[in-house]
Amino acid sequence: MQKLGVLKSFAYKLVRQVNEELEEKGFITIAGLVSRKYYEEKFYGMDEAAPYLYIDFIPYTTRSKRGLETRVSLKKALAELSFKGGTRCEAERN
């Protein structure tokens, strides 16, 4: 409940849905409980085959020329740390 930031009633509904999915896959389930590993894979995409990157901070810059002096900006925050990025095309090239 706290990890997902939802109401208790909705959290129990999610647990029931996840348990139904596990039962369809042939797993034995316990009402009201879900394994931590399956929970993290289901809600956060944490499986070894396809890891994800989650940013748990807010990148900001303090030298904005327009509007507020402090603004949320990943590109400018990285530039302040001397990270030189290229174009989107160059960044996504494999």
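Modeller: Helices (H or I, at least four residues) and strands (E, at least two) are DSSP runs, numbered from the N terminus. This is a predicted model, in which local features need pLDDT of at least 70 and side-chain atom pairs count only at pLDDT 80 or more, while totals for chains, interfaces and linings use all residues. Residues are numbered from 1 along each chain as its sequence is written, and side-chain values use heavy atoms, with hydrogens and water left out.

Biologist: In what order do the elements of the protein run from the N terminus on?

Modeller: The protein has four helices and two strands. Read from the N terminus on, these elements follow the order α-α-β-β-α-α.

Biologist: How are the axes of helix H1 and H2 placed, and is H1 roughly parallel or roughly perpendicular to H2?

Modeller: Two packed helices are described by the angle between their axes and the distance between the axes. Here the axes, which are lines fitted to C-alpha atoms, for helices over the stretch in contact, with angles running from 0 to 180 degrees between N-to-C directions, come within 12 Å for helix H1 (residues 8-24) and H2, and they cross at roughly 105°. Angles under 35 degrees count as roughly parallel, over 145 as roughly antiparallel, 65 to 115 as roughly perpendicular and the rest as oblique, and therefore H1 is roughly perpendicular to H2.

Biologist: Which residues of H1 and H2 make the contact?

Modeller: Contact means heavy atoms within 4.5 Å. On the H2 side the residues are Tyr38, Lys42 and Phe43, and on the H1 side they are Leu14, Val18, Glu21 and Leu22.

Biologist: Is Asn19 buried or exposed?

Modeller: Asn19 is found in helix H1, and leaving aside its neighbours within four places in sequence, Asn19 is in contact with Thr29, Ile30, Ala31, Gly32, Leu33 and Val34. Buried means under 20% relative accessible area, exposed over 50%, and partly exposed in between (1.4 Å probe, protein chains only). Because its relative accessible area is 6%, Asn19 is buried.

Biologist: What separates the C-alpha atoms of Ala11 and Gly32?

Modeller: Ala11 is also a residue of helix H1, and it counts as buried because its relative accessibility is 9%. Although Ala11 and Gly32 are 21 residues apart along the chain, the separation of their C-alpha atoms is 9.6 Å.

Biologist: Is Phe57 buried or partly exposed?

Modeller: Phe57 lies in the loop between helix H2 (36-44) and strand S1 (60-61). Because its relative accessibility is 49%, Phe57 counts as partly exposed.
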